[in-house]
Amino acid sequence: MSHEIAGFSKLSKIEKIEWLAKQYFSEPEEAISLLKKYWNTDVKLQQLHDEFIENTISNFYLPLGIAPNFTINGRNYTVPMVIEESSVVAAAAKSAKFWSKRGGFKTTVINTEKIGQVHFIYKGDKSKLVNFFSQTKPKFYQETESITQNMQKRGGGILDIILHDKTADLENYYQLHATFETKDSMGANFINSCLEQFAKTLKHEALMFEAFSEEEKNIEVVMSILSNYVTNCIVRAEVSCTIEELAEKHIENPTEFAEKFVRAVQIAQIEPYRAVTHNKGIMNGIDAVVLATGNDFRAVEAGAHAYASRDGKYRSLSNATVENGIFTFWLEIPLAIGTVGGLTSLHPMVKLNLEILEKPSAPELMQIVAAVGLAQNFAALRSLTTKGIQEGHMKMHINNILNQYQATAEERIKVAEYFKNNTISHASVAGFLEEIRK
């Protein structure tokens, strides 16, 4: 059966829903009812959400949680997190409280440069192109002034433009490699607008350059686009304390714990299969705050994983050492995020979350996000190297299992009592429910 349709985007919202229900569901009215249940009753607010993307039919909710007690550079933060995975928010909050009593998180923004490139094909004498670029470079700045003037007022703008010869990798391939400072905005639209003007200037000026042959004048611009690999937009987060201070309920032997913890990080440095899961744990925390603050978690993910592979082998994003009786755990990660523009100006919940964070600047938000990523990593490694990760995770996950089986309040009490001393798994919970329902 074909489900092709012409002009779908031109249908009204309800027409789209009715078509979907008719095409894909045996009970169309139930599908329509479910989609409508997730509409916001505030018509104006729902329209705002409808217009974020194309072909909107409803809203897809994710939980918004709070992780309190984050002490970062001596200042206390309550951090909003948007995520669907059980135990992530609890783990972040637990780590935050643990480290708040041991000096908190120390964070530093190392740099904030962002990158964009014009990729082009030039068939000709490289020395001529170098000379052309040298003469034309001022015009790239001049002809983007209408785009950059407001950013310049805020202390940002185009930092530099470099000609890169990439012909060793691809025949006749060159780049205009530009660096930008976008202050409190993530800056994607700003950067892409500048790059597209660079491309126009490049092509126009090449046609006018007398030293070029006719073939050399016909520069082919392949594309103009920012890069999400922001190797000069790096933030560092760190925690440290004496080995003795690591002692707590589940860390009776802090020296043994510290050594085992460091060994776990070293394994993630050399073993890619472990490193991927290790870094996924870091991104649990990072993505949750990035989403809550209206930033692009796909861009952050892509940049982080590329950075983890920067020496040709995929490695842990975090490091740990024990030296002279001091345990130190740190993370360096690229984070191109903003606190103005995009969803930060439109989404009411994003505005609320930024209020909770007391309206941070982009560099401040970078530091908060990195601290949460490190906290998440610490929580995971602490569990892995002590009691194991499943005990805490499954305790948090048990509610999802009970909801799946529509457990009653009485059944929930029995389940909670039984699993105080029994191993929790999906199968064991389902089996116990089946037994008590007989």
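Trainee: Leaving aside neighbours within four places in sequence, which residues is E205 in contact with?
Mentor: The model is predicted. A contact here requires heavy atoms within 4.5 Å. With sequence neighbours within four places set aside, the contacts of E205 are F132, T136, K139 and E143.

Trainee: In which helix is E205 found?
Mentor: The helix in question covers residues 188-208, and E205 falls in that range. Its label is α7.

Trainee: Is E205 buried or exposed?
Mentor: The relative accessibility of E205 is 11%. Buried means under 20%. E205 therefore counts as buried.

Trainee: With which side chain does the side chain of E205 make a polar contact?
Mentor: A polar contact needs a pair of N or O atoms within 3.5 Å. For E205 the distance is 3.4 Å, and the partner is the side chain of H204.

Trainee: What share of the residues in the protein chain is buried?
Mentor: The protein chain has 438 residues. Of these, the buried ones make up 44%.

Trainee: How far apart are the mean positions of the positive and negative charges?
Mentor: The protein chain carries 46 positive and 52 negative charges. The separation of their mean positions is 4 Å.

Methods. Residues are numbered from 1 along each chain as its sequence is written. This is a predicted model: local features need pLDDT of at least 70, side-chain atom pairs count only at pLDDT 80 or more; totals for chains, interfaces and linings use all residues. Side-chain values use heavy atoms; hydrogens and water are left out. Helices (H or I, at least four residues) and strands (E, at least two) are DSSP runs, numbered from the N terminus. Buried means under 20% relative accessible area, exposed over 50%, partly exposed in between (1.4 Å probe, protein chains only). A polar contact is a pair of N or O atoms within 3.5 Å; within protein, one must be able to donate a hydrogen and the other to accept it, and residues adjacent in sequence count only if both atoms are side-chain atoms. Lys and Arg count as positive and Asp and Glu as negative; His and the chain ends are not counted. The place of a charge is taken as NZ of Lys, CZ of Arg, CG of Asp or CD of Glu.
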